[in-house]
Every structure is written in structure tokens, then in C-alpha cells.
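Me: I have a new structure open and want to learn to read it. Can you take me through it feature by feature?

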Amino acid sequence: MAADSTLLLSLVEEFVSGLQDSKAKETATCVKDGQFTILQLVEALGLSLTSSQPHTRARGVQLLSDVLHDCYGGLTEREVEVLIAFFENRLKDHYVITPPVLQGLRALTKSTVLPPGSAVSMLRSLFQDVHVQSLMLAERACVYNMLINLMATREAELKGLGADFVFGFVQSMDGERDPRNLLLAFQIAKSIVRRGYDLGKFTEELFEVTSCYFPIDFSPPPNDPHGITREELIQMLRDALTGTPRFAEFLLPLIIEKLDSDVLSAKLDSLQTLIAGVSQYEHKDVAEFLEGLWASLRREVFQTSSEKIESAGLAALTALTSCLSRSVLHSDSEDSLSTFLDLVLKDCKHHLCEPDLKLVWPSAKLLQAACSASNRASHIITDAVMPSLVEQYNSRAQCSHRRTLLEVVQRFIQSAKTCENEDSVFLAFRPSLCSMVFSALTETDSSLQITATSVLTSLAQQTGEMQHTPASTARSRVGFSAKFSTASILLSLPGLLLDSDVELAVDHLTRLLLTEEDDKVSLAVVECAGALAELHPAAFITKLIPRLKKEMFSEPMDQGDNRLASETPSHHAVRQRCLSALAAVSTQPSVVQESTPVLLEVLSSAHTGGVVFSVEEVVLACHSLQRIAKQVQDTEETGRCFHDVIIPRLLSLALQAALQGEGSSGGRSPLLEEVVLSAMVPVISTSCSRLQPTLAGQTALRAVSLFLDGDVSFLPDNSFPSNIQLLKKQQGDSWSQSQMVCLLLGCVCSLPRIVEVPRIDDLMAELEEMSCTCSHPLSYTSAAKCFAGLVNKRALGDCLDSLIQRTMERVCGELDSASSSVRTQAFTLMIWVAKALLLRYHPLFTTLTDKLFSLLDDADLGPAAADGFRLLMSESTDILNRGCHADVRIMYRQRFFSENSAKLVQGFNAAPQEKKPNYLKALSNIVNKLPKQVQVTELPALLSLLLEALSCPDQGVQLSTLSCLEPVLVDPPPALIQQLEALVSRLLALTSSPVMSVRIASLRCIHAISCFPEHEVLPFRTRVLRALARPLDDRKRLVRRGAVRARAEW
């Protein structure tokens, strides 16, 4: 015990007199270990605390506070009570003692055993004895943290202080300037107003002491270690100012005043604060300020020079209208909403009658913002505005005016708010709206061409975006095709259209689809038909689909030269639009049941020659089927449709074409074309990827039986021979059957991983054999991809390992034999298996990687091996992707790069000169597919190789390397600046490349270098300006534009 006492006295003496701050930690450790208590420490500090020297007393209190900072959790209630009394008494001592006293009190506020009443006692002493703003920054922060701690744990006690607590806080905060402390002070103010503290007569004082910082004008210094941001301060202050309706009478005039500012950030902050405030207020809180608020909001929208300000102003108008809409009407009270909307209508409505003036759109947007606030506001606005708009449309003959009016109507339809179980606010105007829409759709007058062709074609695609764009952000739409506008309006009125209206709309859309030659307008009609078909499928089943089918299968003769119309460009365009429309409308299962047979009939007719369809049209039909498979609702009904009808039909048609290709002396079926088969694959793979597990398993069984055993029992039109062997080597150079393996890929490689592929060992053996022996590129490539897809999903274990090892022994044997005739086939199988293993982090992948690196030195396969790295790193569209349920691990590209970049550098250094381009191409292919953040981090270490790659004659390597360098040049590492001479020389040489994309990319890099430190780039200025003279006269506009930008910066 005596030893402990001696140790304690020694620690105290060394801290107080020896000024050794580290002794505080040792003392705290001793207290935690139980060698002595806090009260024993106070006794040991007796001489220090009673010293006549203020600084000695301060050191004694400092030691006690530092120990409490670490040990407050172990204090008893009695100890806390004694310490609080001690510190409260010390607050009356010399001012140099105040900082450590505040630190001690702050530590005690964290204690969970504060005696009842101690929080009030501490704050009374604090507010009475300490002038907070005369303290240093750290001590002021200490006071704010004390308040935050006590408000979190002793809220009821503090509320017992009443308005005295608010007054004390106001005095403590008044004059605060440091952003770190302001963040704490705003947090306290926010808690006061939002947690129901009694503001008493100090409401205005609390508002004034916080609002004097509004709007926040703070820019943190560069490399600020404290991390205080302007956005944090703005949000915390906004939460405090808008936390109570009692601030409304002070805040709203302040916002009106600040909206007169010329500083855009102040305007934006004011508008956003208004939005936050009125969401908390009632109508009586804002009624007095409605005229001033409306005048300010109207000015910001009418005279804005910033889209952000305009958007915020419109959002504020919506919030204000919503606030007024929450009012409860009484017979003896004024309707604040009607009063306010009268102001809005008075200033805006008359502008809608002037479609050629610039105030039409600002006025319309203000009205639409108010309209979108509530159902009641929508009724008031639409009842006042719609009759005028309808009358204006009917009285205007000029198409540009009609177009503008239609756009305004469209905006109102999008912005109007209808309550659940209530009729639409536009129900009364349904006949007029339908009349406007259908009259515009039937317009054939040349006035539709008044607007410039460029405006018509560029803005005609805005339908899809505009349906999801708030009215507050819509810009003035000039030159919008009237047909296009009305087509998009139909989408906004599903609840208003009667069945007869829908049928008439479908008639109009069908007519435009078949006659409108402008691609942009046709695209709008197709999109409109797709959205409308989702709401009214029956009309499209009975009217649109039969008409499109009739049009596609008709072949009227062209009068000019007796050619079939199917061979003329116009009829081909009509067929394209019909195929696109069939896909667009097929979102509901009932529509899919009718549209897919039409598309399948296109493929069948193309095969049989019953109706002539070009290869391109057959491919488009496949694309339409794939789009349907991707977008249709995932139900058992649609799954059955694809499982029972579409997939078997596609396999049957492809098999018929394959067999006919071998024995027929007639015309060649389009279904034998590689481009058609390649288009069929995503149809099947997308369908299989979405099948229910039971149906998926049945599909796998059917496909495997077909390709292994020639089982054609499930195929329609079953007149096939019994000796079909699709995976066996065919006689001579015939490949029509073997290339069907690409369809097997779609069937078995896109299934969910829980579905087991039957007879997988037999299937993989046949695929391996085909991929290593077949001479037809599509056949052996598809077989290799299918083999890899199955390897990727196969369960880990000895079976998989032995399969991979056996396959690699065969592949390596072929690759190592220079005389082998199937080296390309073996390489193709190896690279796809390597990708399958890379995606799932299989340990045997390194064996394949080493083999791939060794092939970079191969005379024949070196370039192909370099391209193989691009295949490894890129996303595959038809297989080995997440859409096909492949086993894809996160960050596999980064892992591959980190494990193999050193091998690549070593191989480059050891390779003979004529083989080095292969390594550079491989490096470029790897780095180019890495995420940009990884590129910026890793490229400095590979800089020398990348500079070599810029000199590589392969233009693909040049372009890939330039795209890698560009993000690094934004923030260049020191290693890059040291190589600036070599970099500039190579980039200037590439500005004369024969490939336009290389010239443009090199100019972008030269542009980026101009932002390097001036003393680094100044020596190159003359040379760069001279070299840029040539691309300034380039024959390509994009190159000239890049040269102008780069030269201007230099």
C-alpha cells in the first residue's frame, strides 16, 4: 500500500512539476488496474490544487481531467457527485484553470451514473461562471460537446430548466466563427427545436443566433485535415432553421430577402431551405408571406440563368402548394390554397395563349409545378387552364403553335396528381383531349414540315425521356413533331381512354407505322405502341398484329421494274418497323402468344421460300424474339410458350435447313447463314436463362438427347431421318449440321446453376472432340465455348480436375506439335476454358495462363495469343456472363492483372525483338479492360512498356494504349513527368496516324498534357504547336475539333 502511495505521489509530482504529460496515461492505467482510486488521486493532488500559483493548480486539474477522460466509465455515483462539486467550484478560480476544468466536466458528462440534478447543476455553473466565446477553440468545442452529451442522456432534466437552457445556449454560441464548432452548435440548435425544448420568449433570439450564418459561405482549405464540408454545414443549419413552425415568421422573410441575392449558391440554398421549411409548416404559418414568396419564385423561373435555380424554384412552388393543400377548410375561414393559386393563375395563365412567345414555357412549368402538389391543386389548375388550351389548339392553324400547345398539355397530364380511388382530374376533358390527339395524328399537311428537319429528327426521340422527366426540368421544346407529341400523350392517359379510343389509337399508330418514312417518328410510334400495349393488350392482339402480319407477308410487284416489293428499300423498311413493333408490344403474355407465331412464321417462310425474306430481315426477326424473351413478364405461361413452342420450333427450322443444305440442289436457306444462327443463339439462351427449374431441366434433357442421340421426337414437323448425328464429324467438308452446336450452347449454358445437365460427361467428351477436330470455324468455336460454359458451372472436385487435366494434355499436345493441322482449334478450346476457370478462380487456371504466355513467342499463334488476353478480360455477350448464370467472382480482372503483370514484363524483356509486339499487345489488352481506378494506380509501374506500345505498328495496340493513358494524364504521377520527352514525341507522331480514332485519342492526350505544371511543359510548347498544324487541316471534322482544343490549351 505504501508503495502504491509512493508511486501515486511520484506520478503527480512528475506531471505537475516535471511537466511530463505522458504520466497522465500511466496514472490512468493505474486507476484502471485498481492500484488507487480517483478520490485517492484527488487527495494526492491536494498540494497542487491548493497552490498559490494558478499554473500549478491548472496542472493539477489537468492531470485529474486527463485521467477522468480514460476512466469515467468506472466511477461510482458518489465519486461523480464529489468530482462535479469540485469542478463547479474550480470554475470560479483563475481563468487559466477553466480549460482543464471544462475537460473534466466533459468527461463526467459521459458517465452513466450521473446523480439526479447534476446535469442542471453543471449547466447553471457553466452558464453563470464561464463566458464561452472568450475561450479558445478547443475549450469552446468542449462546452458544445458537454451540451450534446447531456442532451443525449439527461434530456428530461435539461427540459426542466425551461427557457433558461435556451438562453444559456444562445449566450454560449453567440459570435462563434469556427466551422468545426459551428457544426456542433448547429447540431445542438437542431436538437432544441426538434425535440420540443421550451423556447419561451427566446424564440427569436435562438433564430437570430443561428440564422446570422445563413446562407453558408464557407470553402474548406485544400487538404483540410478536419474534413468539414460546406454541404455538412448547410444541411445542419437548414435542419435547425426549419425544425419548428415557430421560426416561420422569421425564416420566410429572410428567404425572400436572400432570393434577391446575385449569388447563385445563396439563391439555391434559400430555395432548398424553403422546401424543407414548408414541409413542416401549416397553411397559417405561411399565409402572411404568400405574395412575397410567389413574387420571388416567379422571378427565379421567369428570369433564371441557371437550370438548378429554376428546378429548385419549381420544387419550392410544389412544396408551398402542398403545404397549403394540407389546410382544413371551415365555413368561416379563408381558403389559402385557392387564394394562392389565384395569384399563380393571374400571372401565368395569359401567357399560355401566346405559343410563339418565350414566356409560354416558364408559365407552363410554374402551373405544372403547382398542379403536381396535390389532387385539389390539380383540379383547380386544370379547370382553369385546360379549356383555354383546347380552345387555343382548335383556333390555331399554324402547326408550330399547335405543337407547342400539345407539349404544354402533355406536361399538365404528366404533372397532375390524382388520389387513389378518385377519377382523373382530366376526365371532364377526355373528349377534347382525344379530339386534339387524333386530329394531330391525322395531319398530313405540309405545315408539319415547318419546323426544321434537324429539330424534328433530334427532338422526335424525346418521348421516352419526357415521360420520366419532371416538369421542373423540362426545357423549352421547339420543333417537336406534332405526331410525335401526341403519340407520347397517349401514354399518359391510360385511365382516360375508352375501348373505342384505344382501338382508334391503334388504327392511327398502325397507319403511321406502315406509312411514316421518317425513322425518328417511326421509332416514337413503336415506343408508344409498346407502352400502350402493356395497358390495353386486347386491341393490339385483334388489330395491330394481324395487320402487321398481312403487311410483312404481302409481296406486291414494284411497277417500275417488275421487282418484288420485298426487294425494294421501302418495303424492307416497312418490314423492319413491323418486326420492331411486334417486339415492342409483346410485354404481356397474351400478346406474346399471338406475336411470336408471326415471327416464327417469318423464319419458316424464309427457310421454305414461301415468302421471300432477306437474311437481314430474318436476323431482325430473331432480335425481336430475343427482345420478347428478355422483356416479357416472367410467368409460367410465358415459360411454357418458350419451352413448348419457340425453342423446339427454332431447333426444328435450323435442323431442316442443315439437312436441306446437305441434300438439296435448290436455293440455299437463309437459316444456314452464320449471322442467322448467331442471332438464334441469344433467343434460346435468354429464354433458357429465365425458365423455371423444372422446365429448364426438361429443356436440357431434350437438347442433350437431340445432339447426342438424334432424338427429334419433341420437334414439330417431325419428318427427320433417324440417323442424325449432330456432334459427329461429317463427311467431306460439310458443316451444315456441325454448326448447329451453337444452338446447343444456348440451350445448356444459360440454365440456372441448380439445373443439372444430363449425361454431362458424354456431352463434354463429344464437344471436346468436335472442338479439336472440326475444321469449320463456327462449329469448333461454338463447341469450345459450350465446353467452357459447362466447365464453369461444374461442381468442384476430382471429376472436374481430371477433366481439365485430360483436356489440357490433349490441347498442349496439339499446340506443341508444329506440324499439327488443328493448332488453331486447340488454341480456341484452351482460351475459352481458361476464361471459364478465371471467372471462378479455379487453381488450375495458372497452368493455362503459363501456356498462354509461352504462346506469345510462337511464330504462328503469337498474335492470336495476344488477342486471347482481350477475350480473357472482356465481357462475353453470349456465354460466361452473369445473365447466363455463370460462376463469375468479383474483381477477377484485378486478380488476373496482379498475378500476371510481372510475368508479362519479364517475358517482354526476355523476348526477341520481333516477338515484343505480341507482349505489348497483350499488355494493352489487359490494362485496357481494368477499371479506371486500378489503371491510375498500376500504370506508372508499366509506363516504359506502354510507351513502347505507342510505337507498336499495330493500330489496335496504339488505340488501346492511348485509352489507358488518358485517365492517368489527368493526375500524372512523377514517373510519367520524368518520361515526358518520350511521351510527347510518340503522341505527336500518332497525330498523323492513318486511323481516325488513333488521331483523335492522341490529340486528347496532348490536350491533357497541357495541364501539367508549366515549368514541365513549357519546353515542348513550340514543338507541339508546330506539330498540331497538320491535324488542324485534317479531312475529318472530329480530328480538326480535337486539334483546335489541344492547340488552344497549348
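Me: Is His885 buried, partly exposed or exposed, and what is its relative accessibility?
Reply: Burial is judged by relative accessible area: buried means under 20%, exposed over 50%, and partly exposed in between, with a 1.4 Å probe and protein chains only. His885 has 26% relative accessibility, so it counts as partly exposed. This is a predicted model, where local features need pLDDT of at least 70, side-chain atom pairs count only at pLDDT 80 or more, and totals for chains, interfaces and linings use all residues. Residues are numbered from 1 along each chain as its sequence is written, and side-chain values use heavy atoms, with hydrogens and water left out.

Me: Where is His885 found?
Reply: Helices (H or I, at least four residues) and strands (E, at least two) are DSSP runs, numbered from the N terminus. His885 sits in the loop between α43 and α44.

Me: Which residues does a cis peptide bond join?
Reply: Look at Phe214 and Pro215, where omega is about -10°. Pro215 belongs to the loop between α13 (203-211) and α14 (230-241).

Me: How many helices and strands does the chain have?
Reply: The chain has 55 helices and 0 strands. Of its 1050 residues, 55% are buried.

Me: What share of contacts join residues at least 24 apart?
Reply: Contact means heavy atoms within 4.5 Å. Take the contacts between residues at least 6 apart in sequence: 74% of them join residues at least 24 apart.

Me: Which residues does Val683 touch?
Reply: Set aside residues up to four places away in sequence; Val683 then touches Cys622, Leu625, Gln626, Ala629 and Leu650. Val683 is in helix α35. Val683 is buried, at a relative accessible area of 1%. Val683 and Ile628 are 55 residues apart in sequence, with their C-alpha atoms 8.8 Å apart in space.

Me: And which residues is Ser669 in contact with?
Reply: Beyond its neighbours within four places in sequence, Ser669 contacts His607, Ala657 and Gln660. Ser669 lies in the loop between α34 and α35. Ser669 is buried, with a relative accessible area of 1%.

Me: How much space lies in the largest pocket?
Reply: Rolling a probe the size of a water molecule over the atoms shows where empty space is left. On a 1 Å grid over the protein atoms alone, a cavity is a set of points where a 1.4 Å probe fits but cannot get out; a pocket is an open set with protein on both sides within 12 Å along at least five of seven lines; lining residues have an atom within 4 Å of a point. Grid points are joined across faces, edges and corners, and a volume is the space filled by probe spheres set on the points. The largest pocket holds about 410 Å³. It is lined by 20 residues, and those closest to its centre are Val681, Pro682, Ser685, Thr877 and Asp878.

Me: Which element gives the most to that lining?
Reply: That is α35, with 6 residues. The elements giving two or more residues to the lining of the largest pocket are α33 (615-631), α35 (674-689), α37 (741-748) and α39 (777-793).

Me: How many cavities of 30 Å³ or more are there?
Reply: The count is 5. The largest cavity has a volume of about 80 Å³. Helix α34 (residues 636-663) gives the largest share of its lining, 3 residues.

Me: Which residues of α55 are buried?
Reply: They are Val1039, Ala1043 and Ala1046. Seen down the axis of α55, these buried residues fall within an arc of 70°, so they line one face of the helix. The arc is that of the directions from the helix axis to the C-beta atoms. Arg1037 and Ala1048 are exposed on the other side of α55.
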